[in-house]
Amino acid sequence: SDVYKRQYQLSPKVRLGAAYETKQNMDAFEWNANDGRYEMTMDAPPKLTLGVAYKPNEDLLVEMDIKHIWFSDVLDQIILTTPTGSVPLNFGWDDQTVIAIGVQKQVNPKTTLRFGYNYGKSPIGSEDVVNNFGSLAVTEQHLTLGMTRNFSKRVMGSFSYAHAFNNEVSQVTGMGVQTIELEQNIFNFQISYQR
């Protein structure tokens, strides 16, 4: 894929940004089974991001972004090639618009705190649950917290926490109610050394 970026400094405190990433063409995913060879391609979607950053002083940064992801271009329907022919897999993913806000505050020369939140409606609708078992892309809200601490001139540690709020998408079928549900917590801790 290609990425095109532009930034505009509107004032000493405000900067605008825009980025467009073209579709990423992935190699085919291939595997062998007892009855022969299978193959399908799942490309990454194109994305457009617009954002504004506001830095009222050296210790505080606030950013807001809006990103549109064209999932329908790459995950609406996938063709599965089988030993007996081609089969369309109708995933039915919709395009997604994600709105995000992030705040970074330098508390003192050694400590920086971060907070973020984003929302984007699930690209998997209730009409496509059965076609997407195994996919976890139904979370709509995320909250992130982080901190970086400088222990010395060369050593720093970072901690981050991300919470994907519980969300479920259900479809009523002849077999009853089918549901995809996800809630997730991710913790990261990293030590860095600079020479």
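This is a predicted model: local features need pLDDT of at least 70, side-chain atom pairs count only at pLDDT 80 or more; totals for chains, interfaces and linings use all residues.
- Strand β12 (residues 155–173) and β13 run antiparallel, and 17 bridges join them.
- Nine strands make up an open sheet with antiparallel pairing, in the order β1-β2-β5-β6-β9-β10-β11-β12-β13.
- Its edge strands, β1 (3–9) and β13, each pair on one side only.
- From one strand to the next, the twist averages 10°.

**Gln 178**
- Gln 178 sits in strand β13 (residues 176–193).
- Its relative accessibility is 16%, so Gln 178 counts as buried.
- Leaving aside residues up to four places away in sequence, Gln 178 touches Val 129, Val 130, Phe 133, Val 169, Ser 170, Gln 171 and Thr 173.

**Aromatic pairs**
- Across the whole structure, a search finds six aromatic pairs.
- Tyr 20 and Trp 70 form an edge-to-face pair, because their ring centres are 6.4 Å apart and their planes lie at 70°.
- This pair links distant parts of the chain, 50 residues apart: Tyr 20 is in strand β2 (residues 14–21), and Trp 70 is in the loop between β6 (60–69) and α1 (72–75).
- Tyr 20 is partly exposed at a relative accessible area of 33%, and Trp 70 is partly exposed at 25%.
- Trp 31 and Tyr 38 form a stacked pair, with 5.7 Å centre to centre and 10° between the planes.
- Trp 31 counts as partly exposed at 29% relative accessibility, whereas Tyr 38 counts as buried at 16%.
- Phe 29, Trp 31 and Tyr 38 together form one aromatic cluster.

How values were computed. Residues are numbered from 1 along each chain as its sequence is written. Side-chain values use heavy atoms; hydrogens and water are left out. Helices (H or I, at least four residues) and strands (E, at least two) are DSSP runs, numbered from the N terminus. Buried means under 20% relative accessible area, exposed over 50%, partly exposed in between (1.4 Å probe, protein chains only). Contact means heavy atoms within 4.5 Å. Two strands pair if DSSP finds at least two bridges between them. Axes are lines fitted to C-alpha atoms, for helices over the stretch in contact, and angles run from 0 to 180 degrees between N-to-C directions. Rings of Phe, Tyr and Trp (its six-membered ring) pair if their centres lie within 6.5 Å; planes under 30 degrees apart count as stacked, over 60 as edge-to-face and the rest as tilted.
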